[in-house]
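Biologist: I have a new model open and I want to learn how to read it. Where do we start?

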Amino acid sequence: MKTLLIIDSGLGQARAYMAKTLLGAAAHKAHLDIIDNPGDAELAIVLGDSIPADSALNGKKVWLGDINRAVAHPELFLSEAKSHATVYSAPVAKTPVAASGPKRIVAVTACPTGVAHTFMAAEAIETEAKKRGWWVKVETRGSVGAGNPITAEEVAEADLVIVAADIEVDLAKFAGKPMYRTSAGLALKKTAQEFDKALAEAKPYQATGGGENRYRREKRVCGRVSPSADRRLLHAADGCCGRSVYCAFLRVWY
């Protein structure tokens with residue numbers, strides 16, 4: 001019987017050499033022919049702690065034995081191997097399960113001026129979504145209105161809505177969709193973290209009304225800021241994009 005001898009390298013070269021020599025000498029009496037080609041083997045004898053996950057051993061008789069017993073009683077060891085070897089099947093490698101999560105997202109970004117963090121947050125969201133292989137569209141909201149508006153069809157097909165806004169915006173068209181709300185600053189600076197939180201914490205959005213009117217009031221106020229004030233406002237808001245800074249500048253310029 002053509003026999004393949006597999007010895008775990010972790011057992012040491014000296015012990016492996018001794019076992020191979022003694023088993024080779026005893027193989028003739030046991031009517032075994034020690035070979036090196038796994039494809040031709042009818043029996044495989046493994047000396048070690050476990051059988052290697054090798055598809056070349058599939059369908060062959062395999063025996064896992066102790067090297068100390070093989071060295072001490074080589075003829076008896078080979079006899080046991082012939083009698084007790086069983087047909088081997090290599091374990092099938094499991095295909096990693098892809099992380100579940102939305103593949104189509106829509107987002108809204110907004111800050112008081114509708115300029116600085118609004119567009120930087122939008123770009124950060126688009127970049128992170130593309131890294132994850134997701135389809136994405138980001139609508140920007142600001143003093144000049146909505147940019148890159150999301151259509152009703154895109155809302156219907158979306159798996160998740162991310163709202164990164166520092167002012168109240170009208171979200172009525174997203175009613176019933178899973179939504180996660182954060183700030184423009186966090187969406188810009190900790191985009192990956194916010195995406196992970198969105199997957200875990202998004203909840204169906206329920207429109208409460210009044211948001212659109214307030215958003216329109218924000219637009220009217222923003223529209224009254226003079227060009228020079230708007231530049232100074234943008235410079236100050238760029239650091240935090242917070243309502244307190246925005247309101248402070250409004251008091252100065254009105």
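**Reading the fold**

Modeller: Start with the secondary structure: the protein chain has ten helices and eleven strands. Keep in mind that this is a predicted model.

Biologist: How many residues does the protein chain have, and what percentage count as buried?

Modeller: The protein chain has 254 residues, and 41% of them count as buried. Its accessible surface comes to about 14100 Å². Carbon and sulfur atoms account for 54% of that surface.

Biologist: What do the contacts say about residues that lie apart in sequence?

Modeller: Take the contacts between residues at least 6 apart in sequence. Of these, 66% join residues at least 24 apart.

Biologist: Now a strand. Which way do the side chains point in a strand?

Modeller: The general idea comes first. Side chains in a regular strand alternate between the two faces of the sheet. Now look at strand 3, residues 43-47. L43, I45 and L47 point one way, while A44 and V46 point the other way.

Biologist: Is strand 3 mostly covered or mostly open?

Modeller: Strand 3 is mostly covered, with five of its five residues buried. Buried here means under 20% relative accessible area.

Biologist: Which strands are joined to strand 3?

Modeller: Strand 1, residues 2-7, is joined to strand 3 by five bridges, and the two run parallel. In this pairing, L4 stands opposite A44. Five bridges also join strand 3 to strand 4, residues 61-65, again in parallel. There, L47 stands opposite G65.

Biologist: Where in the chain do W134 and F195 sit?

Modeller: W134 is in the loop between helix 4 (116-131) and strand 7 (135-142). F195 is in helix 7, residues 191-201.

Biologist: Are W134 and F195 buried or exposed?

Modeller: W134 has a relative accessible area of 8%, so W134 is buried. F195 is buried too, at 2%.

Biologist: What sits over the ring of W135?

Modeller: The charged end of R104 does, 4.0 Å from the ring's centre.

Notes: Residues are numbered from 1 along each chain as its sequence is written. This is a predicted model: local features need pLDDT of at least 70, side-chain atom pairs count only at pLDDT 80 or more; totals for chains, interfaces and linings use all residues. Side-chain values use heavy atoms; hydrogens and water are left out. Buried means under 20% relative accessible area, exposed over 50%, partly exposed in between (1.4 Å probe, protein chains only). Helices (H or I, at least four residues) and strands (E, at least two) are DSSP runs, numbered from the N terminus. Two strands pair if DSSP finds at least two bridges between them. Contact means heavy atoms within 4.5 Å. Accessible areas come from the Shrake-Rupley method with a 1.4 Å probe; for residues, only the protein chains shown count as cover. A charge sits over a ring if NZ of Lys or CZ of Arg is within 6 Å of the ring centre and within 35 degrees of the ring normal.
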